[in-house]
Amino acid sequence: MPITKVKHKSIFHSIRTRILILVLCPLILMATILLAMLYYWTNESGYRHLLMKVSTDLAVANQSFRDTQENYLTELSLVAQAPEFRSVYLKSYSSSYTSTDINKPQSIALNNAHALALQSQLEKMQQESRLDFIQLLSPNGCQLLAPQNCIGSQSPLLKEAMNGRALSGVEIFDRAHLQALSPDLAQRALLTLSPTQNAEPTARLIEDRGMILHLVFPLVDQQGQVQALLSAGVLMNGNSTLVDHIKDTVYTDSSLAYDSIGNVTIFLEDVRISTNVLTLELPKRRALGTRVSEQVKQKVFINGGRWLDRAFVVNDWYISGYLPITDVYNKRVGMIYAGFLEAPFKHNFYRWMWQLLIIFIVIMAVIGLLVVLGAKSIFKPIETMVTVINHIRKGQRKRIALPANTSNELQTLSVEFNLMLDQLEQQHDHIQASADQLELKVSERTHSLNQHIKLLHSTREQLITKEKLAAIGELTAGIAHEINNPTAVILGYLDLLVAELGDAGKQVSNEVSLIIQQVDRIRIIINDLLQFSRPGEYTNTYTKLAINHVIQSTIILIKHDLSAKNILLSLDLRATTEIESNRQQLQQVLINLLMNAIAACDKQGKIIIRSRDWRNEGVMISVKDNGCGIPADVLNRIFDPFFSRTPGGTGLGLSVSYSILQGLDAQIAVRSKVNRGTQFFIWLPNCVTQEQNPEQNTLEQQAY
């Protein structure tokens with residue numbers, strides 16, 4: 001028997017590789033843990049430092065925003081106290097002063113000349129300052145130069161300013177208020193909302209409100225009483241000067257490393273109304289009208305908290321800080337943002353980690369090479385033994401020959417191994433000879449055993465079938481005897497009843513006919529049971545038959561059933577051999593098969609009957625339909641007694657047919673596919689042989 005060949009094991013099963021793994025594994029494991037800890041600590045520490053920086057930046061931006069309010073208020077105070085304006089205002093006040101009620105604030109009524117002078121002075125003050133509007137208000141909050149305009153008179157700043165103190169605060173002006181101040185101001189405040197990734201869905205398309213930095217300075221008379229209010233404001237919608245000033249304050253040239261980009265944004269609710277964040281579509285266009293992410297809005301604007309974390313800003317991730325902005329009513333109306341681009345920091349961090357990883361890999365490679373070279377002298381004798389073993393696996397007869405300078409242990413191992421090979425070869429030759437003899441005997445016994453097994457299976461199936469028929473025959477004989485007697489009595493008394501009733505029985509003639517039909521049906525079922533259980537008793541004398549004539553005479557009996565369902569019957573009758581059989585029994589088998597085919601077909605179905613000569617042994621008949629077919633899981637049960645899938649069927653048609661064909665020494669087989677149809681094959685033997693038709697076909701040629 002040849003030496004069994006086995007597959008060569010991979011390099012990972014060699015001793016050299018295992019020793020290398022044992023040496024390098026602890027080092028690699030330790031280095032990997034150190035790298036992972038270094039990555040975690042560096043990432044966490046760096047991220048904490050970034051959050052600390054953005055927290056500082058946010059505080060500086062918020063303070064710069066507050067300082068800007070104070071600067072604008074200071075600027076308004078300087079403008080209000082300018083000698084030129086004071087002169088025009090005092091002149092208008094001294095000549096137009098009226099007092100109708102000592103309990104009400106004093107007011108002035110301006111003539112046209114004074115109104116024009118004040119209007120001109122206010123326009124000049126606005127042009128020389130950074131303010132978007134300046135208006136002179138009466139103590140009741142209405143415009144002094146247009147008394148009918150009292151929009152915004154309910155502002156808390158106006159009421160507080162009546163106490164003689166200059167104030168500033170954030171207010172939200174609607175479009176009507178902005179239009180009353182200046183149509184140009186209303187147009188500047190108008191922003192088109194842009195779809196923004198991660199933002200909360202909204203149906204709004206535009207933002208027409210304006211966030212105003214509202215400033216109020218009280219104008220007092222010579223007695224120190226507030227005579228009028230100087231109201232001014234700065235529109236923050238699209239105010240790039242304001243937001244760029246805050247950015248320059250927060251992010252100087254050296255405040256950010258790795259070329260990161262810092263930005264500052266002012267939000268009205270969740271809409272960017274002033275920002276230096278740029279869009280990707282137009283790199284020089286500011287992202288006005290874009291919206292903050294839904295997560296940030298929920299925490300900062302809705303809940304009033306502070307956001308210090310990474311956040312998606314327009315088109316990239318930023319280390320971000322957000323604070324809510326409250327108006328003069330102490331309501332949250334927007335947010336202020338400060339943050340810087342995250343990507344440069346991450347890129348630099350990953351580049352540093354890659355460099356560290358490359359250094360680690362180079363060190364591991366050098367150490368591994370040194371270990372391999374140092375262990376080569378140990379592995380060489382072992383590899384020689386492995387080479388000899390591989391040759392032996394291929395059927396060659398080799399022996400191990402090690403160099404003289406090999407260590408004693410390996411030399412002793414090679415000598416013992418060679419002795420073992422000698423013994424194994426002797427045993428192998430003996431076993432091979434015995435195995436050849438054993439294989440020959442096993443082959444002979446296996447062939448004989450297979451023949452006996454086939455015969456045993458065939459005998460067992462026949463015994464089971466005969467036991468079933470015997471049991472059913474005994475049962476059906478008793479049932480038939482017990483049922484036939486009552487049915488005969490019923491028919492006899494029905495005849496007597498009809499005779500006694502005479503003409504009076506005509507009223508129930510239909511019911512009597514129905515009873516007789518049902519009794520006849522009982523007798524037919526009993527007759528089928530008896531014929532199935534005792535087919536030998538119903539066998540008539542065999543006569544020579546032309547099978548094509550038997551088929552044609554049988555079709556006449558079922559023509560009505562074919563017409564009822566408009567089923568097309570096609571005949572392909574080519575058998576020429578006459579057989580010796582029983583005509584009535586063959587007709588019963590054909591009728592059962594055709595009735596089953598009719599039941600399986602829908603209206604306008606098709607049935608094909610074929611006959612062929614069968615290998616000089618008889619004839620073959622096939623009945624094929626295109627009906628619903630028989631499922632594969634029940635195909636082997638269709639010849640069982642009382643098994644039926646047809647509503648109202650007794651399950652005896654195919655069983656009786658099978659029993660009849662067994663009595664005629666015939667064979668039956670079936671092939672079926674669901675929704676494609678069923679085909680039954682019958683082989684009828686005969687000792688009479690005639691010239692065979694050259695167009696005969698076998699079972700396989702007629703199957704699907």
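Me: Is Asn330 buried or exposed?
Reply: Exposed, because its relative accessibility is 64%, and the cut-off for that class is over 50%. Keep in mind that this is a predicted model.

Me: OK, where does Asn330 sit?
Reply: Asn330 is in the loop between β12 (316-326) and β13 (332-341).

Me: And what about phi of Asn330?
Reply: Phi there is positive, about 65 degrees, even though Asn330 isn't a glycine. For background, most residues other than glycine have a negative phi.

Me: Which loop holds Asn616?
Reply: Asn616 falls in the loop between β17 (606-614) and β18 (618-625). Phi of Asn616 is positive too, near 60 degrees, and again the residue is not a glycine. As for cover, Asn616 has a relative accessible area of 45%, so Asn616 counts as partly exposed.

Me: Switching topic: how many helices and strands are in the protein chain?
Reply: The protein chain has 15 helices and 20 strands.

Me: How much of the chain is buried?
Reply: Buried residues account for 39% of the 704 in the protein chain.

Me: What share of the contacts join residues at least 24 apart?
Reply: That's 67%, counting contacts between residues at least 6 apart in sequence.

Me: Now the inside. Which residues have the most contacts in the largest nonpolar core?
Reply: Leu136, Leu219, Leu230 and Met236, in a core of 51 residues. Helix α1 (residues 15-80) gives the largest share of this core, eleven residues. There's also a second, separate core of 40 residues, which includes Ile579, Leu593, Leu594 and Val634.

Me: Back to Leu230: what is it in contact with, leaving aside neighbours within four places in sequence?
Reply: Among the contacts of Leu230 are Leu76, Ala80, Phe85, Leu122, Met125 and Ile134. Leu230 also contacts Gln135, and the list includes Leu136, Leu215, Val216, Phe217 and Leu219 as well.

Me: What pLDDT does the protein chain average?
Reply: The average is 80, and 84% of the residues score at least 70. Over residues 98-107, though, pLDDT is below 50, and that stretch has eleven contacts in the model beyond near neighbours in sequence.

Me: How many contacts does the model have for residues 688-704, beyond four places in sequence?
Reply: The model has 46 of them, while pLDDT stays under 50 over residues 688-704. Where pLDDT is low, the predicted coordinates should not be read in detail.

Terms used: Residues are numbered from 1 along each chain as its sequence is written. This is a predicted model: local features need pLDDT of at least 70, side-chain atom pairs count only at pLDDT 80 or more; totals for chains, interfaces and linings use all residues. Side-chain values use heavy atoms; hydrogens and water are left out. Helices (H or I, at least four residues) and strands (E, at least two) are DSSP runs, numbered from the N terminus. Buried means under 20% relative accessible area, exposed over 50%, partly exposed in between (1.4 Å probe, protein chains only). Contact means heavy atoms within 4.5 Å. A nonpolar core is a set of buried Ala, Val, Leu, Ile, Met, Phe, Trp, Tyr and Cys residues joined through side-chain atoms within 4.5 Å. pLDDT is the predictor's confidence in each residue, from 0 to 100.
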